Amino acid sequence: METILLLLHTEPDGLLPRSAFEAVSAARTLANGGRFAVGLVGETIQAAADQLAQCGAGAFLGVSGSAFAQPRYATDSAAAEAICRQANPSLVLAPATSRWNRVLPGVAHRCGGRADTHVTGVNHSADGLSVQRWYYRQRMEADLRRTQRPWFVLIDGGSFPGWSGPPGTAQIQVLNPEIGTPKTTVIGTRQPSGGAQTIRPEAKLLFVAGAGWTKKQADGQAHVQEAEQVISECLRLTNASLGSTKSLVDLGGEGQAVLSFLTHFNQVGQTGSTPRHPKGLATCCHGEEPHTVGWRFINERRAVNLDPNCGWARGKADILYVADAFAVVKKLNELFRQRAQG
Ligand SMILES: Cc1cc2nc3c(=O)[nH]c(=O)nc-3n(C[C@H](O)[C@H](O)[C@H](O)COP(=O)(O)OP(=O)(O)OC[C@H]3O[C@@H](n4cnc5c(N)ncnc54)[C@H](O)[C@@H]3O)c2cc1C
């Protein structure tokens with residue numbers, strides 16, 4: 001049986017990100033009714049521990065203070081290492097946030113262990129523990145086992161249902177690792193060159209824009225500015241994350257008119273990202289294979305396209321609306337506006 005430590009960090013509000021609750025589900029699956037330890041790092045951690053007071057954790061260990069408010073390798077690794085040394089686990093589970101992805105492989109090395117990132121499933125059977133992850137741009141799934149311990153397993157968001165349960169009062173064993181004077185000072189955050197921050201991993205909806213938004217429409221004209229206004233309003237009203245096709249983001253490099261808030265970071269697909277959101281809506285996008293590879297982990301897919309014979313119609317979307325995306329998204333915005341006004 002593994003000795004499990006679930007390592008979590010808090011957000012600036014002192015609470016946990018959604019992916020933390022998904023990692024709790026993974027820990028509960030592996031603990032199989034047994035107890036596991038929870039380690040918390042952040043500026044404040046008590047509220048987060050209270051959120052998890054009844055999740056099945058047998059112990060809470062924590063490192064807190066202003067030095068741990070911002071992600072920073074030196075302080076985060078010192079905190080995680082101190083918790084690991086105290087808990088002495090054989091298995092360390094953590095959500096694959098950018099903060100932990102950057103730090104935990106190094107902590108695994110310090111602890112003489114091994115780390116696997118982008119894990120999408122965990123399994124404990126008579127044969128022992130195994131984890132699942134995808135390779136080759138999400139085309140092949142592997143089932144991995146390791147003999148080396150401690151084993152650090154970073155779980156991709158969207159792989160498990162989030163645990164939910166009533167809060168309580170948790171007792172935290174507070175640790176004070178030696179951090180010295182960090183050489184890195186966080187002075188702020190800078191947005192990608194596109195301006196508006198449109199990539200929102202925690203969003204319930206992925207809204208994908210395709211090159212069709214910039215193409216000539218029924219009146220023989222392109223309506224790029226209108227497209228920009230309609231899409232940005234939709235993003236504002238729904239808080240969706242914005243994805244794009246390669247064709248659309250590539251247009252910028254060719255000097256053509258494109259949506260100003262799009263960058264290559266938004267690209268979804270074989271040569272783009274593979275985001276995880278419960279729902280996805282593709283608009284003015286053809287649904288070609290290299291693009292839909294990036295939709296692998298979107299649970300419910302819908303598309304709006306003028307072409308009834310587009311790629312989405314061939315089994316790639318759950319629902320295809322054969323319609324003008326300008327008209328559909330404008331109508332959606334109107335309905336969302338009405339709902340927002342009560
Ligand atoms: C090796 C390789 C890797 C690739 N990797 C990626 C990748 O990672 N991601 C990616 O996206 N692509 C990738 N591609 C490119 C991919 O094959 C497609 O060319 C691209 O995804 C097409 O983009 P699109 O659907 O936006 O554009 P188009 O194919 O031009 O489609 C535009 C669509 O908009 C529709 N449309 C136009 N006006 C409207 C309207 N008013 N309402 C509704 N619909 C409308 C049209 O009917 C059309 O279907 C890759 C290609 C290769 C060869």
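Which helices and strands each supply at least two residues of the shell around the ligand? In this predicted model, they are α6, α7, β13 and α8. The table gives their residue ranges.

| Element | Residues |
|---|---|
| α6 | 246-253 |
| α7 | 289-292 |
| β13 | 300-305 |
| α8 | 325-340 |

With three residues, α6 gives the most to this shell. There are 30 residues around the ligand, and those that come nearest are Gly210, Gly212, Thr245, Lys246 and Gly269. By class, the shell holds 14 polar, 11 nonpolar and five charged residues.

Strand β13 also belongs to an open sheet of five strands, which pair in parallel in the order β11-β10-β12-β13-β14. The edges are formed by β11 (241-244) and β14 (319-322); each has a single partner strand, so one side of each is left without a neighbour in the sheet. On average, neighbouring strands of this sheet are turned by 20° against each other, direction ignored.

The partner of β11 is β10, which covers residues 205-209 and runs parallel to β11, joined to it by four bridges. Within this pair, alanine 209 stands opposite serine 244 of β11.

The domain assignment of the protein gives domain 1 (4-174) and domain 2 (205-340). Taken over C-alpha atoms, the centres of domain 1 and domain 2 are separated by 34 Å. Contact between them involves five residues of domain 1 and six residues of domain 2. The side of domain 1 that touches domain 2 has three polar and two charged residues, and no nonpolar ones.

Conventions:
Residues are numbered from 1 along each chain as its sequence is written. This is a predicted model: local features need pLDDT of at least 70, side-chain atom pairs count only at pLDDT 80 or more; totals for chains, interfaces and linings use all residues. Two strands pair if DSSP finds at least two bridges between them. Axes are lines fitted to C-alpha atoms, for helices over the stretch in contact, and angles run from 0 to 180 degrees between N-to-C directions. A residue is near a molecule or strand if its C-beta atom, placed from the backbone, lies within 6 Å of it. Ala, Val, Leu, Ile, Met, Phe, Trp, Tyr, Cys and Pro count as nonpolar, Asp, Glu, Lys and Arg as charged, and the others, Gly among them, as polar. Domain bounds come from an automatic or database domain assignment. Two residues are in contact if their C-beta atoms, placed from the backbone, lie within 7 Å.
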